[in-house]
Amino acid sequence: MSTFILGIESSCDDTSAAVIKDGYLLSNVVASQAVHEAYGGVVPELASRAHQQNIVPVVHEALKRAGIDKDELSAIAFTRGPGLMGSLLVGVSFAKGLALSLGIPLVDVNHLTGHVLAHFIQVKGEEIELPRFPFLCLLVSGGNSQIILVKSYNEMEILGQTIDDAAGEAIDKCSKVMGLGYPGGPIIDKLARQGNPKAFAFSKPHIPGLDYSFSGLKTSFLYSLRNWVAEEPDFIEHHKADLAASLEATIVDILMDKLRKAAKQYDIKEVSVAGGVSANNGLRNAFREHAQKYGWKIFIPKFSYTTDNAAMIAITGYYKYLEKEFCPIDAPAYSRVSLQ
Ligand code: KG4
């Protein structure tokens, strides 16, 4: 008998539902919330309300595209945390209600584990090679910058992480300072393609071990920009591509320096990248260069699995389901916590 898992993701500003059948993705529906654009960042209360409007049609569409009825589901996997509490509660409550009404198990998924296991999403006819344990994962998103040693589906160790801002957060803030839109990541990425990455130099952190720091870079960017604009009011407009390229190159260098160090220290050659920032072209190119130079076998997710999506929640839920790792109906959502 086949195993059908419905995955539900609502941790931030994307409402998503996906169906996995025996490890293969049947559908992945994502409703993004444009309402935050005007505010230059996610407004929690608005996100929560939008999830409430979206959750029923999104789940309905995911089941429809998968070509199954809800009665065929084996279990429901949902993002329990970390994330915005008001957003999480919508997905968590919906998952619990549906599981209870169908009499099927609930599987709770850590959003960050989901990002890491996005590499295991298979699509019929488009099979990919899967990473072998243990492998390294650079998890870079709006809220996290971590180097993770992935020992198995359910055993992960954080080797290093940011002590202040996340890489995505730094990009978004610098983009805001430049007067570009939100989220800044895709805009900086696009602009950087036309600029010179060596045009400007920004400060890099000196943090021991495998940890990251991005707040110094953000401040250096802000202060440099202030000085340049004081001298030339149209400085940003005239140099935005070079600024974006130099900022992106600095962030990619910081990320890759520590990742290289971790790969050497743990003698690992299978290296993956996950999270929203993994959509970045500069970072993807750096991965390809490292593969050539250091003999790494690299795993870069499809664009649609880099930002928040329920396919990664459903695949993580699938592996937990196989281990019968179910969660009680009264399990609360959590806004903060790292892996597991
Ligand atoms: O994983 P994600 O969708 O959300 C969470 O933080 O959980 O990541 C969002 C982050 C944002 O900071 C966004 O600016 C960044 O990923 N991002 C990018 C790109 N696309 C999204 N950063 C750089 N280049 C991109 N192409």
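Is S272 buried or exposed? I began with this residue in the predicted model, and I noted that S272 is buried, with a relative accessible area of 0%.

**Entry on S272.** I placed S272 in strand β9, which covers residues 270-274. Leaving out residues up to four places away in sequence, I listed the contacts of S272 as H119, F135, L136, C137, L138, F287 and F299.

As a general note, nonpolar side chains tend to be buried together in soluble globular proteins.

**Entry on S145.** A polar atom of the S145 side chain lies 2.8 Å from the backbone nitrogen of A167. With neighbours within four places in sequence set aside, the contacts of S145 are L139, V140, G160, Q161, T162, A166, A167, Y212 and F214.

**Entry on helix α9.** How far apart are the end C-alpha atoms of α9? I read a distance of 17 Å for this helix of residues 311-322, which agrees with the 16 Å that its 12 residues should span at 1.5 Å a residue. Helix α9 is mostly covered, since 10 of its 12 residues are buried, and I recorded these as A311, M312, I313, A314, I315, T316, G317, Y318, Y319 and K320. The buried residues of α9 pack against the strands β1 (4-9), β2 (14-21), β3 (24-32), β4 (75-81) and β5 (106-110), and against the helix α3 (111-117). Just after α9, I noted that K324 takes a positive phi of about 55°.

**Entry on the ligand.** Which residues come nearest to the ligand? Of the 19 residues around the ligand, I noted G142, D172, G185, D189 and G276 as the nearest. For oxygen atoms of the ligand I recorded a distance of 2.9 Å to a backbone N or O atom of G276, one of 3.0 Å to a backbone N or O atom of G185, and one of 3.5 Å to an N or O atom in the side chain of S141. The protein covers 87% of the 560 Å² of accessible area that the ligand has on its own.

**Entry on A279.** A279 counts as buried because its relative accessibility is 19%, and the cut-off for buried is under 20%. With residues up to four places away in sequence left out, A279 touches D189, R284, F303 and T306. I also read the separation between the C-alpha atoms of A279 and Y334, which are 55 residues apart along the chain, as 27 Å.

Technical notes. Residues are numbered from 1 along each chain as its sequence is written. This is a predicted model: local features need pLDDT of at least 70, side-chain atom pairs count only at pLDDT 80 or more; totals for chains, interfaces and linings use all residues. Side-chain values use heavy atoms; hydrogens and water are left out. Helices (H or I, at least four residues) and strands (E, at least two) are DSSP runs, numbered from the N terminus. Buried means under 20% relative accessible area, exposed over 50%, partly exposed in between (1.4 Å probe, protein chains only). Contact means heavy atoms within 4.5 Å. The expected span of a helix is 1.5 Å times one less than its number of residues. A residue is near a molecule or strand if one of its heavy atoms lies within 4 Å of it. A polar contact is a pair of N or O atoms within 3.5 Å; within protein, one must be able to donate a hydrogen and the other to accept it, and residues adjacent in sequence count only if both atoms are side-chain atoms. Accessible areas come from the Shrake-Rupley method with a 1.4 Å probe; for residues, only the protein chains shown count as cover.
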